[in-house]
Amino acid sequence: MDDRKIALLETTFAEVRASQDAAAALFYERLFVNDPSLRRLFTASDMSAQGRKLMAALALAVNSLRKLDALVPVLEGLAVKHVTYGVERGHYETVGKALIETLSLSFGERFTAEVRNAWTDTYQLVAGVMMRAAYEPEAVPA
């Protein structure tokens with residue numbers, strides 16, 4: 001990933017982080033609108049705490065883009081853990097859609113094609129690593 005995209009992600013995420021509770025609430029609203037069946041994965045969850053976990057995961061991803069070799073094993077472990085919660089491969093598409101919708105609603109006109117592409121590319125990278133680890137463990141180096 002090039003420095004321009006990383007800088008866009010860092011700048012926009014800093015804004016999201018400044019209103020992280022509202023952003024997390026909006027994300028889960030969009031997630032459940034896009035797939036109401038996903039609510040079942042959160043029945044025992046404190047959604048405020050879940051929102052903080054979401055923001056921490058996004059921060060980890062954004063802050064680690066310049067050192068992907070350190071990020072990949074963390075994502076792989078997270079992916080395996082998510083399988084135990086009932087996360088399925090198809091859920092990653094719904095999560096990505098909810099993330100982009102959240103950012104679009106949060107930034108409005110400032111969510112330019114360039115910003116959208118940076119976030120989409122990053123999410124696809126993260127989701128790809130996680131799906132391989134969770135659903136194609138033979139593809140993950142030991």
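Residues were classed by relative accessible area as buried (under 20%), exposed (over 50%) or partly exposed (in between), with a 1.4 Å probe and protein chains only. The model is predicted: local features need pLDDT of at least 70, side-chain atom pairs count only at pLDDT 80 or more, and totals for chains, interfaces and linings use all residues. Residues are numbered from 1 along each chain as its sequence is written, and side-chain values use heavy atoms, with hydrogens and water left out.

The protein chain contains six helices and zero strands. Helices (H or I, at least four residues) and strands (E, at least two) are DSSP runs, numbered from the N terminus. Read along the sequence, the pattern is α-α-α-α-α-α.

The radius of gyration, taken over C-alpha atoms, is 15 Å. A compact globule of 142 residues would have a value near 14 Å, so the two agree. The globule rule is 2.2 Å times the number of residues to the power 0.38. Along its principal axes, the C-alpha trace spans about 40 × 35 × 20 Å.

Buried residues account for 41% of the 142 residues. The chain exposes about 8,000 Å², and carbon and sulfur atoms supply 56% of this area. Accessible areas come from the Shrake-Rupley method with a 1.4 Å probe; for residues, only the protein chains shown count as cover. Contact means heavy atoms within 4.5 Å. Among contacts between residues at least 6 apart in sequence, 78% join residues at least 24 apart.

Phenylalanine 32 lies in helix α2. This residue is buried, with a relative accessible area of 9%. Leaving aside residues up to four places away in sequence, phenylalanine 32 touches Leu38, Arg39, Phe42 and Met47. Its C-alpha atom is separated by 12 Å from that of glutamate 101, 69 residues apart along the chain.

The chain carries 16 positive and 18 negative side chains. Lys and Arg count as positive and Asp and Glu as negative; His and the chain ends are not counted. The centres of the two sets lie 3 Å apart, with each charge placed at NZ of Lys, CZ of Arg, CG of Asp or CD of Glu.

Side chains of opposite charge can pair when their charged atoms come close. A salt bridge is a side-chain nitrogen of Lys or Arg within 4 Å of a carboxyl oxygen of Asp or Glu. By this rule there are eight salt bridges.

One of them pairs arginine 66 with aspartate 3, the closest N and O atoms being 3.9 Å apart. Arginine 66 lies in the loop between α3 (47–63) and α4 (68–84), and aspartate 3 in helix α1 (residues 3–18), so the pair ties together parts that are 63 residues apart in sequence. Aspartate 3 is exposed, at 53% relative accessibility.

Glutamate 88 and arginine 40 also meet in a salt bridge (3.8 Å, N to O). Glutamate 88 sits in the loop between α4 and α5 (91–107), and arginine 40 in the loop between α2 (20–34) and α3, 48 residues apart. Glutamate 88 is partly exposed at 44% relative accessibility, and arginine 40 is partly exposed at 45%.

Glutamate 136 bridges to arginine 89, with the closest N and O atoms 2.9 Å apart. Glutamate 136 falls in the segment after α6 (113–135) and arginine 89 in the loop between α4 and α5, 47 residues apart. Glutamate 136 is partly exposed, at 26%, and arginine 89 is partly exposed, at 37% relative accessibility. Salt bridges that share partners join Asp3, Glu10 and Arg66 into one network.
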